[in-house]
Amino acid sequence: MLSICRNELKKLKRQKMARMLWAVGILIPTFGTLLCIKNHYPFRNLVGTNVLFGSFLVIPFVFSAMLLNLFELEERNHTLKNILVIGVPEWKIFLSKLAAALVIVVVFTGIITAYTVAGGIFLRNYIPDVFHIFGIFLIISLCSICATMPVVLLIIMLRKRNLIAMIAINCFILIDFLFVWQLTMFHCLEMHLPVLVAFRITYPFGIIEYTDNLKLGLDTLYYPMDKGIFLLGATTAVSLVISLWLYKRQEADV
Amino acid sequence: MENFIIETKGLTKCYGDTAVVKGVDIHVKKGEVYALLGRNGAGKTTIMKMLLGLSKITKGTVHMFGQPFEGNKKEFLERIGVMIETPGFYPNLTATENLEILADLRGYIKRDAIKESLEKVGLPYKDKKLFSEFSLGMKQRIGIAAAIIHDPEVLILDEPVNGLDPIGVMETRDFIRELSQNYGKTILLSSHILSEIELLADRIGIIDKGILLEESLFEELKKRNMHYILLSADPVETVIHMLEEEFHIRDYRIMGNGCIQIFDTEIQTKEIVKFLAERNIYVDAINKCSDTLEDYFKRITGGEGIA
């Protein structure tokens, strides 16, 4: 399984689409970080900004686009039959691509951490705990990915039509992000959308430094942790099971 | 019962109500080169895909190495090398990198396998050239290299010489022959290039519109069907009647130009001439002829040539 996952990452070598995605993923957090540095915001705001734009925009976007790319490259290059005639089952191929996309998520979490730490150094009010920051971003990013899992179903359904698939997943990610960004404006607190649940249960993790004015935010955004984890887990499991079933069905006749 | 490496019984594939492969029985013996011959769209690739589990079988069974394919798929696929349709590889990677991925997935091949397989097909090892920069012939070669990387017992090659230049065709043909003769590999290949089949195949299966019309050893086929006597004499109906009576000829065909093809080549031509002359029928021409495989293919499929 590990070698299949490593091979998935090898396939992205020298690939234009992968390079573009890396560039987009690396550039977007720059703006938030520069904005915070320019306005001399406290470090906790920099973390908040990068959680919002990094974990709820860049990470789901990179995850979905890379995953689509990994599935689509087999279609485009007619390579799936080479793998299937080796005797690698469809579920392994499916999970290895998912695992490769998750590895990329971890790498981007590291990049966002690096931006945040670098920003903190410029702001001179940085609490030097890189692993703590990385841990925060990783937990939030993984919850965000769990909430984004229905996008896998879109990828599986639309992967043979790359452009449509790319538009669909971008719309999905952007709508999700808009809900999180304008959570109160859209009156989303009564909604149980996975992405909102992910944001609300991970909100306390992103607080580096507690201040009195955060009390209102914490109270407003409170969501029961156990219910939130169950909802995210169920979203992930249902999305993956349906996607895998569909993938196996589609690949039964290569 | 003979032991076949690949054996199918009543292999059928339907897409909706349309049957693209109809009750095909294939028998491939160990160490032989079996060629599936048919026009484009005859069902050759579909048969191969069904053999490999890439396409669901609507009806029928596949046995490999004497055992049913279903349930032993993984084990069998480890013993088979495959090149189906146009070889598909990652264009952003080199030949070596592409093969490394496949070798890694196989997981148990020997150390120099990639180097050896590339050398066998005449491609350089660790070359910097990307797959996207390869010519069609080179792509075909890397497809064959991928098929032989794990030293399989059986090779299933779909149109292996498609897109190769004349030298490449010759080299691939020699290479397939060498694999069969020197290393005892069993090879199932498909092609619509008759000249290649004539030079390569031990056994031949002619497929048309999804139906296997004939399966026999190529040598037997040549002896049995591709040699005939071509007779030109008038009146045709009377001549036929007389020959049926005297020589018990049953396998014959009247051609458009009034000539008669007699496929029973045991009969001496001089006997026919003498027999007809004694009955005041003068023979305009009589010859022992040999059909090319293409002529035979046309005859058996009842229509146009293969191209």
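Where in chain B is B:E159 found?

1. B:E159 is found in the loop between β8 (154-158) and α6 (166-181) of chain B; helices (H or I, at least four residues) and strands (E, at least two) are DSSP runs numbered from the N terminus. Phi of B:E159 is near 50°, a positive value in a residue other than glycine. B:E159 counts as buried because it has 22 C-beta neighbours inside 10 Å. The cut-offs are 20 or more other C-beta atoms within 10 Å for buried, 12 or fewer for exposed, and partly exposed in between, with C-beta atoms placed from the backbone.

2. This is a predicted model, in which local features need pLDDT of at least 70 and side-chain atom pairs count only at pLDDT 80 or more, while totals for chains, interfaces and linings use all residues. Residues are numbered from 1 along each chain as its sequence is written, and chains are lettered from A and ligands numbered from 1 in the order in which they are written.

3. A:H40 also has a positive phi, about 50°, and is not a glycine. A:H40 sits in the loop between α2 (16-38) and α3 of chain A. With 11 C-beta neighbours inside 10 Å, A:H40 counts as exposed.

4. Helix α9 of chain A (residues 194-202) is mostly covered, with nine of its nine residues buried. They pack against α3 (43-77), α6 (130-148), α8 (162-181), α10 (214-221) and α11 (225-250) of chain A.

5. Between the chains, 23 residues of chain A are in contact with 26 residues of chain B (contact: C-beta atoms, placed from the backbone, within 7 Å). α1 (2-10), α3 and α4 (80-84) of chain A each give two or more residues to the side that touches chain B.

How values were computed:
Two residues are in contact if their C-beta atoms, placed from the backbone, lie within 7 Å.
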